[in-house]
Amino acid sequence: MLEKLKRTEVWFKLVLLAFFGFWYARAFSFPQQSRQFPHLIAVPSLILTLISLITDFTKEKEVQGEIAGTDDSELTTLDESARKERRKRFWQAWAIILVSMAVGFLGGFLFSAFFLLLGFALLFGNRNNLIKNMILTVGITMATYVTFQWFMDVPLLRGVLW
Amino acid sequence: MDVFLQAIALMFQWQNLAALMGGALYGIIIGILPGLGPAAGMALAIPLVSSWSPVTALVFVGSLYKCCNYGGSITAILVNTPGDASNAATILDGYPMCEKGKGGVALSISATAALVGGILGTLCLIYTAPLLAEFALKFGPAEYFLTAILALSVIAAVVQGATLKGLISAGLGLILATVGYDVITGHLRYTFGILILEDGIPVIQAVVGLFAVTQALVLAESMESISRIGKLEGSSWEGVWTYFKYPYAVIRSAVIGLFIGVLPGVGQSGAGLVAWAEAKRESKHPGTFGTGDPEGVISSETSTNACMPGDLVLTIALGIPGSVAAAVFLGIMIIFGVIPGPMVFAEKTNEIYTLFVALILSSLVLFLVGMTLARYLAAVTLIRNEIIVPIILIVGLIGSYAIRNMMEDVMISLVFGILGYVMLKGGFTTVPLLLGLVLGEMVELNYHRALLMSAGSYSIFYSSTVCKILILLTIVSLAGPYLGSLGRRMKGRGKLIGKA
């Protein structure tokens with residue numbers, strides 16, 4: 001039981017249940033006509049999620065459906081070290097994205113672009129390719145500026161600071 | 001015939017040819033950038049073309065509109081990120097083909113589909129516009145509501161092989177589409193005081209998050225290049241030969257695309273997905289769909305390319321735009337004094353027929369450009385992850401940002417990126433969610449309109465013959481996968497009993 005709860009699929013369905021329930025309840029504060037459609041969608045979605053969840057717990061053996069375009073990391077057996085390594089890279093990627101976006105808020109999207117390239121080059125790149133990656137970082141940032149700021153008039157240097 | 005010869009002569013004037021080429025290249029670039037679809041592309045082009053002659057301007061804008069879809073399919077195939085919602089179906093088999101090193105083949109299939117689907121669609125537009133327009137007018141709100149529900153059911157049931165999860169995903173999309181102003185009463189719903197949500201969840205920002213950000217995270221995690229075998233296989237011409245191996249799929253998808261294009265509101269995203277689902281249902285090997293089956297790319301791409309001229313049928317013949325992009329196109333036509341309606345064919349013969357010729361020629365230009373560039377573009381799939389991941393993020397997020405020049409839009413994309421990633425890990429597909437989000441407003445609007453027309457009676461949803469057919473098709477599409485597996489199980493049991 002607890003093992004099953006650890007699976008992304010199961011806890012995501014629990015979150016969905018709560019979400020659909022909240023959406024349904026919240027709609028009561030709207031006028032009658034405005035709440036009709038959210039109710040119409042939330043109820044069947046809630047029931048379907050519940051059925052799907054019950055199926056997860058009642059089925060003894062996990063049936064692996066053909067899943068188009070999905071990463072099958074949870075369906076195949078990965079050894080613990082590979083799993084840890086993947087998790088580490090995932091969080092590193094998020095850290096780079098969040099820092100870049102924070103910098104973008106302050107100085108403009110161009111800084112986000114630069115920090116994204118720099119972050120991935122430093123944390124994910126091979127040390128042997130460091131100089132090459134740095135040149136690419138500067139080059140791609142400049143190309144981004146020329147393409148979007150010059151040709152498409154997107155304000156890439158508009159942030160909280162200026 | 002005379003009008004066509006005159007239009008061809010007009011088309012081959014140097015300024016019109018230049019407009020055709022310029023529009024094609026501009027369209028491909030706009031299509032490549034996630035977030036900037038044909039509607040935004042055409043809107044951005046208005047200041048540029050405003051001083052041109054009506055014929056040249058319409059050639060440029062028509063060519064741009066036609067070529068945006070191919071640009072979107074390039075990113076859908078190479079980096080699993082559709083340039084626009086209309087390319088959502090292409091990722092299902094296009095990207096897995098890339099992972100197998102067949103990115104160049106997938107791109108040339110897409111270019112061939114642009115040629116064949118585009119020409120078939122345009123020819124149908126020329127000869128059947130009045131008939132199709134008349135048929136589409138028989139669709140009332142109840143029929144539109146049921147068409148959208150059918151589209152969602154087909155996708156949910158077939159796209160993933162797990163109907164229940166597909167339906168939950170579609171439900172989530174429809175639910176999220178209720179955020180913002182209610183289309184009927186104008187009441188604000190589910191915005192929680194957040195100003196940017198008042199106009200609803202922006203679809204493009206959601207697309208960027210669900211596909212580009214999610215894909216970047218998956219690539220960052222695995223540290224493999226997109227092409228898992230590390231090399232490119234197959235030539236561009238292989239894609240062309242492969243395309244013509246499936247003539248039935250081509251014709252079926254073109255008909256689906258054209259028909260859906262004629263219906264206002266459903267649009268190219270619905271056309272591609274329904275054609276893909278139909279191809280899977282008809283296939284002798286449905287299990288290969290979603291794993292890099294060329295027939296999947298052929299079906300979705302042919303349908304979306306045939307859909308675009310279909311989209312223009314009502315726009316030109318009756319002045320009713322079938323999509324946001326068609327609405328922008330309609331606006332541009334009006335700016336240049338080409339007022340759509342039944343009389344436009346007689347009053348603005350040169351402009352309209354030159355536009356038709358331009359649409360056919362732009363399909364040819366797309367094919368040539370696509371075939372020339374396919375091999376080089378496919379090399380993207382070999383780029384190291386530390387380079388390609390930030391590039392995917394930059395191009396995707398800049399598409400989000402450029403729409404309103406707001407960092408808050410980038411945040412929306414990141415939130416959808418997390419949602420997409422969790423759904424992926426949980427074995428859900430995000431395609432029905434996207435379709436639900438795109439069709440949500442149209443579904444709700446037609447639901448309320450139908451009830452208003454029937455004074456609150458639900459019988460309107462099953463009274464007409466078209467409604468009955470649509471309900472039947474929805475039931476069949478939902479029950480189909482279960483009946484199929486039941487049949488296979490019974491067949492297997494029969495064999496076991498026979499052996500015993």
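**Notes on the predicted A–B complex**

1. Starting with confidence in chain A of this predicted model: helix α1 (residues 2–5) of chain A scores lowest, with a mean of 68, while helix α2 (residues 8–26) of chain A scores highest, at 92. The score is pLDDT, the predictor's confidence in each residue, from 0 to 100. Helices (H or I, at least four residues) and strands (E, at least two) are DSSP runs, numbered from the N terminus. Watch residues 63–76 of chain A, where the pLDDT is below 50; this stretch still has 30 contacts in the model beyond near neighbours in sequence. Two residues are in contact if their C-beta atoms, placed from the backbone, lie within 7 Å. Where pLDDT is low, the predicted coordinates should not be read in detail.

2. For chain B the mean is 80, and 83% of its residues reach 70 or more. The predictor gives the complex an ipTM of 0.87 and a pTM of 0.74.

3. On conventions: residues are numbered from 1 along each chain as its sequence is written, and chains are lettered from A and ligands numbered from 1 in the order in which they are written. As this is a predicted model, local features need pLDDT of at least 70 and side-chain atom pairs count only at pLDDT 80 or more, while totals for chains, interfaces and linings use all residues.

4. Now the interface: 53 residues of chain B are in contact with 53 residues of chain A. On the chain B side, α5 (90–99), α8 (163–176), α9 (203–222), α17 (385–404), α18 (407–425) and α19 (431–453) each supply at least two residues. The most comes from α17(B), with 11 residues. By type, this side of chain B has 33 nonpolar, 13 polar and seven charged residues. Here Ala, Val, Leu, Ile, Met, Phe, Trp, Tyr, Cys and Pro count as nonpolar, Asp, Glu, Lys and Arg as charged, and the others, Gly among them, as polar.

5. Take α17(B) and its partner, helix α6 (residues 130–151) of chain A: their axes come within 12 Å and cross at roughly 20 degrees. Axes are lines fitted to C-alpha atoms, for helices over the stretch in contact, and angles run from 0 to 180 degrees between N-to-C directions. The two helices are therefore roughly parallel; angles under 35 degrees count as roughly parallel, over 145 as roughly antiparallel, 65 to 115 as roughly perpendicular and the rest as oblique. Among the residues in the contact are Leu136(A), Ile140(A) and Phe148(A) from α6(A), and Ile391(B), Ile394(B) and Ile398(B) from α17(B). The contact as a whole has eight nonpolar, two polar and one charged.

6. Helix α4 (residues 80–107) of chain A packs on α9(B) at about 135 degrees, with the axes 8 Å apart, so the pair is oblique. Arg86(A), Arg89(A), Phe90(A) and Ala93(A) meet Leu217(B), Ala220(B) and Glu221(B).

7. From α5(A), residues including Phe114(A) and Leu117(A) meet residues of α6(A) including Ile140(A) and Thr144(A). This contact divides into nine nonpolar, four polar and no charged residues.
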